[in-house]
Every structure is written in C-alpha cells, then in structure tokens.
Amino acid sequence: MNDQEHDGQLDALFAQARARRVDTSKAEYAFETRLLARLRTERETSSVWAMVSWRLIPFFAVCVVALAIWHSEIVTETSDAEQMAYVENPEPLDSLHNLN
Amino acid sequence: MVSAKSSIPDEQLVDATLAGDDNAFAELALRHKSRVFGVASRFAHDAAELEDICQDVFVQAYFKLRQYRRDSPFEHWVLRITTHKCYDYLRKRRRSGTHLSVDAMLESGYEPSVPAPPAPHPDLERLHAALAQLSPKERLVITLLELEERSVQEIADFTGWSTSNVKVRAFRARAALRKLVENQK
C-alpha cells in the first residue's frame with residue numbers, strides 16, 4: 001500500500017473518531033455547583049495559609065534575631081580565645097613559611 | 001439567579017466575578033463547560049480524570065481572571081487553559097506510565113444518557129491505541145487538528161507555539177500515527 005492510500009485510511013479513521021464524540025452530559029451535570037464548592041475550599045485553604053504565614057512572620061523574625069545574636073557571640077568568643085591563645089603562645093611566623 | 005444572567009455578555013460576567021460575584025463565574029462555567037468537556041474528553045483517561053481536568057481549568061481561570069486581557073473571546077482564553085491542562089495531564093500520565101485504554105471512558109461507569117453509545121469499532125480501537133503511543137506534544141497537536149478540527153493558527157494560539165512549529169509537529173505526528181496504525185495490522 002502506498003502513502004496516499006494510508007493517508008486516506010487515516011483520514012477515514014479521523015472522520016469516524018470525530019463522529020463518535022463521547023457524551024459528556026452526565027459529567028457536566030451540576031458541574032457549576034461542584035466547581036463553586038471547590039473554589040470555596042481552595043480560597044479557604046489559601047487564606048488559611050496566608051493567615052498562618054503572616055502570623056508566623058514575628059516568630060521567624062525573633063528566630064533570625066536570636067540566631068544573629070548567638071552567631072555574633074560565638075564569633076566574638078572564638079576570636080577572643082584565638083587572641084588569648086596567641087598572646088600566651090605566639091607562633092613564630094617562620095614556621096608558617098617553612099612547611100617543607 | 002443564573003437564568004437572569006444568561007443575556008449578559010461574558011466580559012460583564014468577568015467584571016462581576018472580579019468584583020466578588022461567584023454566581024457570575026458559575027454562569028461563565030455554565031456557558032463554556034460543554035466546549036471544555038468536549039476538548040478534555042479527547043484526552044481524559046476516564047470520567048474522574050475528565051472531571052479533574054475541567055475543574056482545574058475553571059479553577060485556574062477563576063484565580064487568573066485578572067490576567068484575561070480581553071483581546072480575544074473569553075471562550076478562546078478558557079480553551080487555551082484547557083489545552084495546557086490537557087497537555088499537563090498527558091505528560092503526567094506518560095511519567096506515571098498509565099496506559100490509555102481505548103474507549104475506557106465509556107466503559108468506566110460513564111453511562112451516557114440517550115442515545116446509547118455504539119459498540120467500539122475495531123478501527124477506532126486501533127486509532128486510539130496508536131494515539132496513546134504518541135508523545136504528548138504530537139498527540140495534542142494531532143487531536144486538536146484532526147479530531148477537534150482546529151486550524152493551525154488556533155492551535156498556535158492555544159499552545160503558544162509558532163504556526164510553523166505546529167505544522168512540523170502535525171506532520172511528524174501524522175507520519176508516526178500512520179506507521180503505528182500500519183504496524184497494528
């Protein structure tokens with residue numbers, strides 16, 4: 001069979017499929033009611049999330065500030081300890097250069 | 001409620017929805033649902049998936065209504081969303097490996113009202129089985145072009161692809177489909 005014949009066959013199949021449309025009337029029944037119910041749910045869910053996220057902002061802000069304070073204290077303590085260690089036992093600079 | 005709104009143009013209903021009138025959106029859904037269901041039924045695996053696709057379409061339309069620019073009819077805009085949703089479902093199904101059964105929708109509790117559906121034709125079974133083997137893009141373009149009888153320009157508008165891209169994809173899809181149908185013999 002050549003390509004033209006196959007094309008004709010395919011066109012005939014498409015025509016049959018076009019003619020045989022699925023009846024969606026049952027699925028469409030009361031669709032608007034179900035849709036509005038879902039929209040209500042979606043809106044409530046999104047508004048709950050929005051409300052929760054807004055209310056959590058102060059909590060996260062406090063967390064960030066606490067972390068910042070804790071981090072700065074650790075940095076200060078570490079640098080103080082390093083300075084003290086250096087003052088007590090200063091390393092000769094030559095030892096850093098003569099690694100081999 | 002709804003009947004009083006039946007003569008109002010779509011654009012006014014859009015405005016009313018944006019002002020918070022959900023019944024106006026229900027009227028929009030009532031007007032355009034059959035088109036959306038018609039297109040989605042070409043891609044949906046079963047009745048549940050059809051309902052999911054159509055609900056997703058209208059939920060997205062509702063939440064993105066402010067993005068509707070009114071440069072084309074509302075139906076056109078909704079069909080663009082429908083096309084994208086159908087494509088998403090095709091991709092999702094392909095990833096999950098769910099195989100499309102032929103006329104599954106009619107067989108999965110679909111009980112259509114009058115007239116009773118004709119028995120699945122073996123030729124159509126072959127066509128649907130072949131369509132299920134195409135890539136999501138190929139299936140989308142060939143379905144819209146050949147089964148929904150949309151023009152190349154319309155498909156380009158719905159998908160966001162260029163017209164030449166649509167033509168190339170349609171050509172490739174047709175060639176692949178021809179081969180698949182041939183091999184099924």
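Domain bounds, as used here, come from an automatic or database domain assignment. On that basis chain B is divided into domain 1 (1-98) and domain 2 (117-185). This is a predicted model, in which local features need pLDDT of at least 70 and side-chain atom pairs count only at pLDDT 80 or more, whereas totals for chains, interfaces and linings use all residues. Residues are numbered from 1 along each chain as its sequence is written, and chains are lettered from A and ligands numbered from 1 in the order in which they are written.

Helices (H or I, at least four residues) and strands (E, at least two) are DSSP runs, numbered from the N terminus. Chain A has 4 helices and 0 strands, so that its elements, taken from the N terminus on, read α-α-α-α. In chain B there are 9 helices and 0 strands, and the pattern along the sequence is α-α-α-α-α-α-α-α-α. A residue is called buried if 20 or more other C-beta atoms lie within 10 Å of its own, exposed if 12 or fewer do, and partly exposed in between, with the C-beta atoms placed from the backbone. By this count 7% of the 100 residues of chain A are buried, while for the 185 residues of chain B the figure is 31%.

Two residues are in contact if their C-beta atoms, placed from the backbone, lie within 7 Å. Among the contacts in chain B with a separation of 6 or more, 68% are made by residues 24 or more positions apart. The C-alpha centres of domain 1 and domain 2 of chain B lie 23 Å apart, and the contact between these domains takes 11 residues from domain 1 and 9 residues from domain 2. On the domain 1 side of that contact, helix 4 (residues 74-96) of chain B gives the most, with 8 residues. For the classes, Ala, Val, Leu, Ile, Met, Phe, Trp, Tyr, Cys and Pro count as nonpolar, Asp, Glu, Lys and Arg as charged, and the others, Gly among them, as polar. The side of domain 1 that touches domain 2 then has 6 nonpolar, 1 polar and 4 charged residues.

We turn next to the interface between the chains. Here 34 residues of chain B are in contact with 24 residues of chain A. The elements of chain B that give two or more residues to this side are helix 2 (22-40), helix 3 (47-63), helix 5 (104-107), helix 6 (122-133), helix 7 (136-147) and helix 9 (163-184). By class, this side of chain B has 19 nonpolar, 6 polar and 9 charged residues.

A nonpolar core is a set of buried Ala, Val, Leu, Ile, Met, Phe, Trp, Tyr and Cys residues joined through C-beta atoms within 7 Å. Of the 43 residues in the largest such core, B:Ala40, B:Leu50, B:Ile53, B:Cys54, B:Cys86 and B:Val141 touch the most other members. Helix 2 of chain B supplies the largest share of this core, 9 residues. Because domain 1 and domain 2 of chain B both give residues to the core, it lies between them. Leaving aside neighbours within four places in sequence, B:Ala40 is in contact with B:Leu50, B:Ile53, B:Cys54, B:Thr82 and B:Cys86.

A:Ala30, in the loop between helix 2 and helix 3 of chain A, has a positive phi near 55°, and B:Glu149, in the loop between helix 7 and helix 8 (152-159) of chain B, has a positive phi of about 55° although it is not a glycine. Most residues other than glycine have a negative phi. A:Ala30 counts as exposed because it has 7 C-beta neighbours inside 10 Å, and B:Glu149 is exposed with 10 other C-beta atoms within 10 Å.
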